[in-house]
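Thanks for coming. I have one structure to go through today, and I will keep to what can be computed from its atoms. Please have a look at it first.

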Amino acid sequence: MLLKRYIPLIIVIGVGWLTLIGHFINNDSIQNFVNNDATQWFDIIASFAILLGALNMLKLQILKIIKKQRNWQYSILAVLGFAFAIF
């Protein structure tokens with residue numbers, strides 16, 4: 001339980017505080033971390049989160065269309081709108 005929950009949480013909180021406080025501390029190594037490394041990692045993680053969210057939305061809507069669940073017609077509009085936004 002400790003390795004799965006608390007250690008990653010401590011790492012995330014520590015890096016988050018370092019990034020936040022790094023804007024106010026005039027230290028070259030901290031400024032370099034905030035301006036280069038932290039923002040690059042944020043971009044990478046955000047890109048994967050958007051990709052996973054889009055794939056999950058498509059999966060849920062397509063399953064709703066296939067199973068003809070309640071209001072499945074709106075799922076067709078959601079999938080077509082998503083495809084239109086991509087292209």
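I will take the conventions, then the pocket, then a few residues one by one.

This is a predicted model, in which local features need pLDDT of at least 70, side-chain atom pairs count only at pLDDT 80 or more, and totals for chains, interfaces and linings use all residues. Residues are numbered from 1 along each chain as its sequence is written, and side-chain values use heavy atoms, with hydrogens and water left out.

Let me start with the pocket. On a 1 Å grid over the protein atoms alone, a pocket is an open set of points with protein on both sides within 12 Å along at least five of seven lines, where a cavity would be a set in which a 1.4 Å probe fits but cannot get out. The largest pocket holds about 230 Å³ of space, a volume being the space filled by probe spheres set on grid points that are joined across faces, edges and corners. Which elements give two or more residues to its lining? They are helix H1 (2-22) and helix H2 (28-67), helices being DSSP runs of H or I with at least four residues, numbered from the N terminus.

Lining residues have an atom within 4 Å of a point. H1 supplies the largest share of the lining, five residues. Among the lining residues are Ile-11, Gly-16, Trp-41 and Phe-42. By class there are seven nonpolar residues, two polar and no charged. For that count, Ala, Val, Leu, Ile, Met, Phe, Trp, Tyr, Cys and Pro are nonpolar, Asp, Glu, Lys and Arg are charged, and the others, Gly among them, are polar.

Next, Val-34, which lies in helix H2. Val-34 is buried, at 3% relative accessible area; buried means under 20%, exposed over 50%, and partly exposed in between, with a 1.4 Å probe and protein chains only. Not counting residues up to four places away in sequence, Val-34 touches Leu-18, Thr-19, Gly-22, His-23 and Thr-39, where contact means heavy atoms within 4.5 Å. Val-34 and Gly-22 are twelve residues apart along the chain, and their C-alpha atoms are separated by 6.3 Å.

Neither is a glycine, but Lys-68 has a positive phi of about 50° and Asn-71 has one of about 55°. Lys-68 is exposed, with a relative accessible area of 51%, while Asn-71 counts as partly exposed at 37%.

What does Lys-68 lie over? The face of Trp-72, at 4.0 Å from the ring centre. The criterion is NZ of Lys or CZ of Arg within 6 Å of the ring centre and within 35 degrees of the ring normal.

Trp-72 itself is in helix H3 and is partly exposed, at 21% relative accessibility. Leaving aside neighbours within four places in sequence, Trp-72 is in contact with Lys-64 and Ile-65. From Gly-14, Trp-72 is 58 residues away in sequence and 45 Å away in space, C-alpha to C-alpha.

Last, Ser-75, also in helix H3, which spans residues 72-86. Is Ser-75 buried or exposed? Buried, with a relative accessible area of 2%. Under the four-place exclusion in sequence, the contacts of Ser-75 are Gln-61, Lys-64 and Ile-65.

That is the list; questions are welcome.
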